Amino acid sequence: MNASLSTYQLLCIVPVLAALLFAFCKLLSRRHCRSAVDGHGSAVLITGCDSGFGYELARCLDHKGFVVFAGCLFPQGIGAQNLARESSSNLKILKLDVTNDADVQQAKGIVKENLPEKGLWAVVNNAGISDWAEIEWSTIEDFRHMVDINLFGCIRMTVAFLPLVRAAKGRMVFVSSIFSFFNCLNMGSYSVSKRGLEAFADCLRVEMASFGVKVSIIQPGNFGQATNIVKMKTLSDVWVKFDDERKQIFNQAYIELAIEYFVSTCKTGFTNPDKVISAMLHALTAPSPKRRYMVVSVMDRVFFQLYPFLPTALTDSVFSLSPMYAKRKEMLYVK
């Protein structure tokens, strides 16, 4: 009896010990075989450094010893000048409009002429705009402008600089949004641009794996207050674009409600960009960066991680829980 009990206990203990040994060896191998990327001698190009995430990331990477090429839409503007003043001589301000082929090619020439010994380690496609409007409030030009910056701007930059990043077996980082997969009222054009961006980045990641280039996507949540990227609107800003038919459907009382709802939602978000910057740094310097970094509050994380796997009928019904959506149906067409 005792012998059989000992054998049974042994059979139970062996798998546990094997699992613990495996975990310990894996942890040990990570500690000794992998280390964070050393910034000295490596360059990173960041777009959209006039303010927000790009500005803060440029400062951070400069302090870590990277050569930083900070792309700014307004190189003589306050943001770019402050960035240059707060940084070392390793940070270089570039005039860079990601929608302009000439700007991109000029920036490429400057980068190639000033590369450090280890080359161009990464490109961070951060430049972007945000706007909010219902689809019927928008024009084709509104959609085209959004996509030209948020999607085609990233593609333009990637095509231009990918050979340099591939030579260094480096990183490509794309700043997307939770709205790439979370569809909701007022974010139609923005969601289109970010969903397209993630499709591009996903395809690029598969292609670049053979070359040792890692591709990561950053998905910030509500960081409107932290970056000032959100465009605030007044009733007149929206109303002036309407024809008579739309004025009948979307009355002024409803527009004022939509504005109030949007502003109040923005105020519930993060007030500083630290969490996004931490995710960017991990994507750039970790030995094994994640493919996606969802940067949201703890409570939101549970919902957003489940969201893509839920039936569409269920995810659509979530919006009915908001008082805004209930009032919307009552107020449309009301004069």
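Colleague: Of the contacts between residues at least 6 apart in sequence, what share joins residues at least 24 apart?
Modeller: In this predicted model, 74% of those contacts join residues at least 24 apart.

Colleague: And how many helices and strands are there in the protein?
Modeller: The protein has 14 helices and seven strands.

Colleague: What order do the strands of the sheet have?
Modeller: The order is 3-2-1-4-5-6-7, in an open sheet with parallel pairing.

Colleague: Which strands stand at the edges?
Modeller: Strand 3 (91-95) and strand 7 (292-295). Each has a single partner strand, so one side of each is left without a neighbour in the sheet.

Colleague: By how many degrees are neighbouring strands turned against each other?
Modeller: On average by 15 degrees, with direction ignored.

Colleague: Back to strand 3. Over how many bridges does strand 2 pair with strand 3?
Modeller: Strand 2, residues 67-72, pairs with strand 3 over five bridges, in the parallel sense. For example, F69 has K92 of strand 3 as its bridge partner.

Colleague: What stands opposite A70?
Modeller: That is I93, in strand 3. Between strand 2 and strand 3 the chain passes through helix 3 (residues 78-86), and this β-α-β crossover is right-handed.

Colleague: Which residues of helix 3 are buried?
Modeller: G79, A80 and L83 are the buried ones. Looking down the axis of helix 3, they fall within an arc of 95 degrees, so they line one face of the helix.

Colleague: What do those buried residues pack against?
Modeller: They pack against helix 2 (52-63), strand 2 and strand 3.

Colleague: And which exposed residues does the face turned away carry?
Modeller: I78 and R85 are the exposed residues on that face of helix 3.

Colleague: New topic. Which strands does helix 5 lie across?
Modeller: Helix 5, residues 140-168, lies across strand 1 (43-46), strand 4 (120-125) and strand 5 (171-175). It runs at about 160 degrees to strand 4.

Colleague: What about helix 11, which strands does it lie across?
Modeller: Helix 11 (residues 274-285) lies across strand 4, strand 5, strand 6 (214-220) and strand 7. Its angle to strand 5 is about 160 degrees.

Colleague: Last one, on the protein as a whole. What percentage of the residues is buried?
Modeller: Buried residues are 45% of the 335 residues. The protein exposes about 18,100 Å², and carbon and sulfur atoms supply 60% of that.

Technical notes
Residues are numbered from 1 along each chain as its sequence is written. This is a predicted model: local features need pLDDT of at least 70, side-chain atom pairs count only at pLDDT 80 or more; totals for chains, interfaces and linings use all residues. Side-chain values use heavy atoms; hydrogens and water are left out. Two strands pair if DSSP finds at least two bridges between them. Helices (H or I, at least four residues) and strands (E, at least two) are DSSP runs, numbered from the N terminus. Axes are lines fitted to C-alpha atoms, for helices over the stretch in contact, and angles run from 0 to 180 degrees between N-to-C directions. Contact means heavy atoms within 4.5 Å. Buried means under 20% relative accessible area, exposed over 50%, partly exposed in between (1.4 Å probe, protein chains only). Accessible areas come from the Shrake-Rupley method with a 1.4 Å probe; for residues, only the protein chains shown count as cover. A crossover is right-handed if, with the strands pointing away from the viewer, the path from the first strand over the helix to the second runs clockwise. The arc is that of the directions from the helix axis to the C-beta atoms.
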